[in-house]
Amino acid sequence: MKIVQQWNQEDSDYIRQRLIEYNASQLLDEVKHPVEHVSFIVRDDFNQIVGGVTGTVFWYTMHIHFLWVDEQLRGEGYGTELMTRIEQLAIERQCRLIQLDTFSFQAPDFYTKLGYEIFGVIEHHPTVNHQQYYLKKTLLNQN
């Protein structure tokens with residue numbers, strides 16, 4: 001046996017797949033949910049992307065990866081509309097929970113105003129002057 005340091009996409013995918021298989025073996029069938037990658041995109045009159053939200057649905061949970069709106073459009077409701085749409089999709093997919101993370105220099109207050117609850121904070125990350133927040137929103141349709 002030997003341990004080597006290297007990055008290889010094929011090896012990484014193999015490790016990921018093995019963990020997914022193990023996780024699935026530990027869960028009841030009713031918790032298992034097909035993985036679905038989702039997004040909503042805002043495009044301007046020139047078809048340029050000026051905002052969007054991306055996420056993944058699995059285990060009846062919506063994991064929001066990224067929400068971004070061009071700085072010139074912030075405050076005009078696009079972020080709220082994007083979150084409303086991805087939340088509605090989560091409800092349609094029978095998700096029980098939405099989770100995401102954000103930094104103090106991004107939008108923790110935006111999310112709390114939308115009903116998200118902070119359940120974890122990493123202090124001094126990514127710098128000593130910032131924090132990383134973990135948030136969740138429990139949806140009413142509990143399976």
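User: In which helix is Glu-87 found?
Analyst: This is a predicted model. Helix 2 covers residues 78-92. Glu-87 is found in helix 2.

User: Is Glu-87 buried or exposed?
Analyst: A residue counts as buried under 20% relative accessible area. Glu-87 has a relative accessibility of 13%, so Glu-87 is buried.

User: Which residue has a side chain joined to that of Glu-87 by a polar contact?
Analyst: Leaving aside neighbours within four places in sequence, Glu-87 is in contact with Ile-98, Tyr-116 and Lys-137. A polar contact of 2.9 Å joins the side chain of Glu-87 to that of Tyr-116.

User: Which strands does helix 2 touch?
Analyst: The sheet is open and has 6 strands, in the order 1-2-3-4-6-5, with mixed pairing. Its edge strands, each pairing on one side only, are strand 1 (36-43) and strand 5. Helix 2 packs on this sheet, and its direction makes about 160 degrees with that of strand 3. The strands touched by helix 2 are strand 1, strand 2, strand 3, strand 4 and strand 6.

User: How many bridges join strand 2 to strand 3?
Analyst: Strands of a sheet pair through backbone hydrogen bonds, in a parallel or antiparallel way. Strand 2 (residues 49-58) and strand 3 (residues 61-69) run antiparallel. Val-53 stands opposite Leu-67 in strand 3. The number of bridges joining strand 2 to strand 3 is 8.

User: Which residues form one aromatic cluster with Tyr-116?
Analyst: The whole structure holds 5 aromatic pairs. In one of them, the ring centres of Phe-110 and Tyr-111 are 5.2 Å apart and the planes lie at 75 degrees; planes over 60 degrees apart count as edge-to-face, so this pair is edge-to-face. Phe-110 is partly exposed at 25% relative accessible area, whereas Tyr-111 is buried at 6%. The residues that form one cluster with Tyr-116 are Phe-110 and Tyr-111.

User: How many residues apart are Phe-119 and Tyr-134?
Analyst: Phe-119 and Tyr-134 form a tilted aromatic pair, 6.4 Å centre to centre with 50 degrees between the planes. Phe-119 is partly exposed at 48% relative accessibility, and Tyr-134 is partly exposed at 29%. The pair links distant parts of the chain, with Phe-119 in strand 5 (residues 117-123) and Tyr-134 in strand 6 (residues 131-138). Phe-119 and Tyr-134 are 15 residues apart.

Methods:
Residues are numbered from 1 along each chain as its sequence is written. This is a predicted model: local features need pLDDT of at least 70, side-chain atom pairs count only at pLDDT 80 or more; totals for chains, interfaces and linings use all residues. Side-chain values use heavy atoms; hydrogens and water are left out. Rings of Phe, Tyr and Trp (its six-membered ring) pair if their centres lie within 6.5 Å; planes under 30 degrees apart count as stacked, over 60 as edge-to-face and the rest as tilted. Buried means under 20% relative accessible area, exposed over 50%, partly exposed in between (1.4 Å probe, protein chains only). Helices (H or I, at least four residues) and strands (E, at least two) are DSSP runs, numbered from the N terminus. Two strands pair if DSSP finds at least two bridges between them. Contact means heavy atoms within 4.5 Å. Axes are lines fitted to C-alpha atoms, for helices over the stretch in contact, and angles run from 0 to 180 degrees between N-to-C directions. A polar contact is a pair of N or O atoms within 3.5 Å; within protein, one must be able to donate a hydrogen and the other to accept it, and residues adjacent in sequence count only if both atoms are side-chain atoms.
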